[in-house]
Amino acid sequence: TVMRSSQPVPQLVRGLLMLLTTLCAFTTLRYLPQAEATAIIFLAPLIMLGAAPWLLREPPKRSRWIAALAGFIGVLFIVRPGSGLDPIGVLYGILTACFLAGQFIVTRRLANDHALTSLIWSGLFGTIALTLTLFFFQDAWQPLWDAPLFYWLPLLATGVFGALGHLLQIQAYRSAPASVLAPFNYAHILGACAWGWIIYRHMPDAWSWVGIGIICSSGIAIGLIEWYGAQRTKIDRQAE
């Protein structure tokens with residue numbers, strides 16, 4: 001059945017990482033503008049590339065380390081002294097990136113489970129854990145019951161689109177190596193910049209754009225390198 005997992009412990013670990021990622025991400029957005037927060041968080045794919053040789057047993061490559069270093073330099077452009085970004089928000093953003101990288105890695109290790117199985121297990125873990133916390137943080141959630149429908153619609157949309165996004169992410173990691181999929185995440189940064197301007201009328205400054213460009217470019221470049229290398233390996237095997 002869909003509820004049955006062949007790897008229950010990694011499923012629970014993924015659920016925990018997913019919960020920690022979500023909590024840290026929302027905390028980051030309390031302190032940082034959306035574009036800068038998203039750019040810092042999406043250091044995660046480069047962290048994943050650096051950890052892949054040990055945790056996913058993918059072949060170590062110098063190009064991955066160069067891409068990870070370039071992404072870190074990009075983050076330094078964003079969080080540079082004088083940027084005006086809250087240090088607490090930056091710290092939570094980096095924590096989010098680390099937890100998200102762990103989530104990507106565990107998702108890849110769960111390739112044998114059905115995508116819906118991973119989605120249900122992770123969702124149940126977060127639901128149970130957060131339901132238990134409701135008893136301790138009543139002052140935080142009780143005002144929502146009296147809130148108008150306008151406040152509920154974004155919350156419901158977040159749940160629907162978040163579930164759909166996680167389902168597609170799980171299916172993608174079942175079908176392709178983590179290093180190949182990593183660059184596709186960077187479209188998220190551009191979307192965050194667009195929505196940040198539309199809703200909050202905030203745009204990153206020039207130096208932040210440089211950092212965002214470095215992060216996106218390093219991720220996309222390593223993705224293209226990985227794809228090209230995989231294609232060459234495939235052609236060489238066919239030639240043999």
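1. Start with D86. This residue is partly exposed, with a relative accessible area of 27%. That value falls between the cut-offs of 20% for buried and 50% for exposed. The model is a predicted one. D86 sits in the loop that joins α4 (62–78) to α5. Leaving out residues up to four places away in sequence, D86 touches Y31 and L32.

2. Next, helix α1. This helix covers residues 8–31 and has 24 residues. From first C-alpha to last, α1 reaches 35 Å, close to the 34 Å expected at 1.5 Å a residue. Its buried residues are Q11, R14, G15, L17, M18, L19, T21, C24, A25 and T28. An α-helix has 3.6 residues a turn, so residues three or four places apart point the same way. Keep that spacing in mind when reading the list.

3. Look at Q11 in α1. Q11 has a relative accessible area of 0%, so this residue is buried. What does Q11 touch, not counting residues up to four places away in sequence? The partners are S5, L110, D113, T117, S118 and W121. Two of these names return in helix α6: T117 and S118 are among the buried residues of that helix.

4. T21 is also found in α1. Its relative accessibility is 9%, and T21 therefore counts as buried. Setting aside neighbours within four places in sequence, T21 is in contact with T96, F99, L100 and Q103. One of these, L100, also belongs to the α5 side of the contact with α3.

5. V106 lies in helix α5. Is V106 buried or exposed? V106 is buried, with a relative accessible area of 11%. Neighbours within four places in sequence aside, V106 is in contact with P10, V13, R14 and L17. The pair V106 and L17 is worth a look on screen. They are 89 residues apart in sequence, and their C-alpha atoms are 9.0 Å apart in space.

6. Now the pairing of α3 and α5. Helix α3 spans residues 44–55 and helix α5 spans residues 87–109. Their axes come within 9 Å and cross at roughly 50°. The two helices are therefore oblique to each other. The crossing of α3 past α5 is right-handed. On the α3 side, the contact is made by A44, P45, I47, M48, A51 and L55. On the α5 side, A97, C98, L100, A101, F104, I105 and R109 take part. By class, this contact has 12 nonpolar, no polar and 1 charged residues.

7. P53 also lies in α3. At 17% relative accessibility, P53 counts as buried, because the cut-off is under 20%. The C-alpha atoms of P53 and P87 are separated by 31 Å, with the two residues 34 apart along the chain.

8. Helix α2 runs over residues 34–41, and helix α10 over residues 187–200. How do their axes cross? They come within 8 Å and cross at roughly 165°. The pair is therefore roughly antiparallel. The crossing is right-handed. From α2, the contact draws on Q34, A35, T38 and A39. From α10, it draws on H188, I189, A192, C193, W195, G196 and Y200. The contact of α2 with α10 divides into 7 nonpolar, 4 polar and no charged residues.

9. L190 lies in α10. Its relative accessibility is 52%, so L190 counts as exposed. The C-alpha atoms of L190 and A39 are separated by 9.1 Å, although the residues are 151 apart along the chain. A39 is one of the α2 residues in the contact with α10.

10. Last, helix α6. This helix has 19 residues, numbered 115–133. Its reach from first C-alpha to last is 28 Å, close to the 27 Å expected at 1.5 Å a residue. Which residues of α6 are buried? They are A115, T117, S118, S122 and G126.

Notes
Residues numbered from 1 in each chain as written. Predicted model: local features only at pLDDT ≥ 70, side-chain atom pairs only at ≥ 80, totals over all residues. Heavy atoms only, no water. Helix = DSSP H or I, 4+ residues; strand = E, 2+ residues; numbered from the N terminus. Expected span 1.5 Å × (residues − 1). Buried < 20%, exposed > 50% of the residue type's maximum accessible area, 1.4 Å probe, protein only. Axes fitted to C-alpha atoms, helices over the stretch in contact; angles between N-to-C directions. Parallel < 35°, antiparallel > 145°, perpendicular 65-115°, else oblique. Left-handed = near helix turned anticlockwise from the far one by under 90°. Contact = heavy atoms within 4.5 Å. Nonpolar A, V, L, I, M, F, W, Y, C, P; charged D, E, K, R; others polar.
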